Amino acid sequence: NPIHNYTYFEEGTYYPKLIVSGDNACMDTIETQVSVVLPSADFSMDPEAGCGPSLMVNFSYDSLNETISNWIWLFGDLTIDDSNNPNPTHVYSSENNNNFLASLVVTDFNGCQNYSQKVVQVTVPDAGFQTSDPGICLGDEAFFIPSDPSQDSYLWDYGDGSPQSSSNSHQYTETGIYTVSLTVENDGCSYTRILEDYISVE
């Protein structure tokens with residue numbers, strides 16, 4: 001059969017030979033070179049890690065390969081960019097510390113595909129908190145407990161117009177229902193948790 005198909009499963013340089021023979025027992029051999037190369041799927045991210053809850057990341061395809069015909073980005077947060085953009089920008093949103101596995105799939109003009117993956121790290125300090133008693137009497141001290149006592153700093157806003165404070169206890173001077181917020185900082189990142197109408201003073 002003068003036409004033969006063969007599939008190579010690894011990159012490399014191969015030297016297939018064709019050996020023909022005739023009825024007169026004469027033989028001839030021809031050898032050729034086949035190079036099997038996967039297209040590069042290398043990419044870079046700027047930044048690779050940062051503070052949440054919203055982090056914008058610029059992705060860049062690193063190769064100068066002009067044979068690439070298609071780029072598909074999977075950002076690891078259930079979103080995909082299939083607009084054929086080699087250098088997209090994506091915004092990650094997370095209310096907690098999270099790692100996202102970003103992937104790039106490339107296809108060249110020969111239909112060959114390759115992919116690569118990298119991790120995007122989003123850091124969000126834990127600003128959760130609760131109170132020991134959501135309903136207190138006027139004149140009583142209100143106590144608030146942060147979910148994570150290991151943060152670098154805490155700043156409380158008790159919702160009554162008083163200055164923000166690092167103290168987790170507060171005495172209200174008027175009855176009412178108050179919104180309380182906590183801003184924490186850790187490793188250069190900050191986050192604010194707001195609990196609407198959280199404590200009642202009667």
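Tutor: Two strands pair if DSSP finds at least two bridges between them. Strands (E, at least two residues) and helices (H or I, at least four) are DSSP runs, numbered from the N terminus. This is a predicted model: local features need pLDDT of at least 70, side-chain atom pairs 80 or more, while totals for chains, interfaces and linings use all residues. Numbering starts from 1 along each chain as its sequence is written, and side-chain values use heavy atoms, without hydrogens and water.

Student: How do you know that β5 and β7 pair?

Tutor: They share four bridges, in the antiparallel sense. The definition asks for at least two, so they pair. Asp46 stands opposite Asn58 in β7.

Student: What makes β5 and β10 edge strands?

Tutor: The order in this open sheet is β5-β7-β10. β5 (43-46) and β10 (89-93) each have a single partner strand, so one side of each lacks a neighbour in the sheet.

Student: Why is the pair of Phe129 and Phe144 called edge-to-face?

Tutor: Rings of Phe, Tyr and Trp (its six-membered ring) pair if their centres lie within 6.5 Å; planes under 30 degrees apart are stacked, over 60 edge-to-face, the rest tilted. Here the centres are 6.4 Å apart and the planes make 70 degrees, so the label is edge-to-face. Phe129 lies in β13 and Phe144 in β15, 15 residues apart.

Student: Why is Phe129 called buried?

Tutor: Its relative accessible area is 8%. Buried means under 20%, exposed over 50%, partly exposed in between (1.4 Å probe, protein chains only), so Phe129 counts as buried. Phe144, at 0%, is buried too.
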